[in-house]
Amino acid sequence: MESSTTPGGRTRREATRQKLYEAAVTLIAEQGFSATTVDEIAERAGVAKGTVYYNFASKSVLFEELLRHGVGLLTASLREAAERTAREGGGKVDALDAMVRAGLVFIERYPSFTQLYVAELWRTNRAWQSTLMVVRQEAVSVVEGVLREGIENGEFSDEIDVPLTASALVGMVLVAALDWQAFQSERSLDDVHSALSRLLQGRASGRR
């Protein structure tokens with residue numbers, strides 16, 4: 001933001017960008033990136049086409065920023081869950097469990113974004129691939145930090161492969177949540193969290 005922008009102006013611009021993010025993610029989830037036009041995004045967001053280009057140089061830039069924005073929200077929710085657990089005196093397994101729930105809450109709130117994010121992870125020909133890898137690592141790094149702290153305090157085995165385990169935990173939540181949304185939507189968030197929590201608790205503690 002430019003320093004000359006007023007607080008009210010920043011708020012209005014952020015609100016406009018949020019409308020554009022929501023419109024873009026819904027349309028792209030419905031019909032794909034290539035088939036979605038800037039005109040459609042503007043119409044869905046209830047703004048003029050010029051407003052889209054005022055905020056984003058192109059549809060690709062809008063989508064790239066959408067990825068940054070969405071994964072940034074997920075990363076913040078994971079970090080807050082870990083920090084809240086620490087404030088409450090919980091251990092690192094408790095922190096991981098809280099992060100699992102935070103991830104499920106995020107995915108329940110933003111199912112279309114999550115579907116797009118997971119789909120884009122498997123594509124290699126996108127202009128925003130490098131950005132996607134950076135923001136993905138930001139989310140995974142939060143989990144890596146909790147695992148490393150658990151190793152340092154003796155709660156976890158030092159034989160844990162931290163990068164791979166962190167990626168596996170994030171992947172578990174993403175895949176399980178998408179399966180829940182698509183095929184087991186009758187189950188509650190608490191039910192799904194309980195199932196993943198039992199898996200996590202057993203693996204982390206070494207119980208069979």
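A residue is called buried here if its relative accessible area is under 20%, exposed if over 50%, and partly exposed in between (1.4 Å probe, protein chains only). The structure is a predicted model, in which local features need pLDDT of at least 70 and side-chain atom pairs count only at pLDDT 80 or more, while totals for chains, interfaces and linings use all residues. Residues are numbered from 1 along each chain as its sequence is written, and side-chain values use heavy atoms, with hydrogens and water left out.

The pLDDT, the predictor's confidence in each residue on a scale from 0 to 100, averages 88 over the protein chain, and 92% of the residues score at least 70. Over residues 1–7 the pLDDT stays under 50. For this stretch the model has three contacts (heavy atoms within 4.5 Å) beyond four places in sequence.

The protein chain has nine helices and zero strands, where helices (H or I, at least four residues) and strands (E, at least two) are DSSP runs numbered from the N terminus. The C-alpha trace spans about 60 × 45 × 30 Å along its principal axes. Of the 208 residues, 39% count as buried. Among contacts between residues at least 6 apart in sequence, 64% join residues at least 24 apart.

Helix 4 covers residues 59–87, 29 residues in total. From its first C-alpha to its last it reaches 42 Å, close to the 42 Å expected at 1.5 Å a residue; the expected span is 1.5 Å times one less than the number of residues. Gly-89, which follows helix 4, has a positive phi, near 85 degrees. Within helix 4 lies Thr-75, which is buried with a relative accessible area of 5%. Leaving aside neighbours within four places in sequence, Thr-75 is in contact with Val-135, Glu-138, Ala-139 and Val-142. The charged end of Lys-59 sits over the ring of Phe-33, 4.4 Å from its centre; the criterion is NZ of Lys or CZ of Arg within 6 Å of the ring centre and within 35 degrees of the ring normal.

Aromatic pairs were assigned to rings of Phe, Tyr and Trp (its six-membered ring) with centres within 6.5 Å; planes under 30 degrees apart count as stacked, over 60 as edge-to-face and the rest as tilted. By this rule there are five aromatic pairs. One of them, Tyr-21 with Phe-56, is tilted, at 5.8 Å centre to centre and 50 degrees between the planes. Tyr-21 lies in helix 1 (residues 7–31) and Phe-56 in the loop between helix 3 (49–55) and helix 4, so the pair ties together parts that are 35 residues apart in sequence. Tyr-21 is buried at 8% relative accessible area, and Phe-56 is buried at 2%. Phe-113 and Tyr-117 form a stacked pair, with 6.1 Å centre to centre and 10 degrees between the planes. These two residues, Phe-113 and Tyr-117, are four residues apart in helix 6 (residues 111–121) and are thus separated by about one helical turn. Both Phe-113 and Tyr-117 are buried. Phe-106, Tyr-110, Phe-113 and Tyr-117 form one aromatic cluster.

Leu-169 lies in helix 8 (residues 162–183) and counts as buried at 17% relative accessibility. Not counting residues up to four places away in sequence, Leu-169 touches Leu-96, Val-143 and Leu-200. Leu-169 and Glu-65 are 104 residues apart in sequence and 25 Å apart in space, C-alpha to C-alpha.
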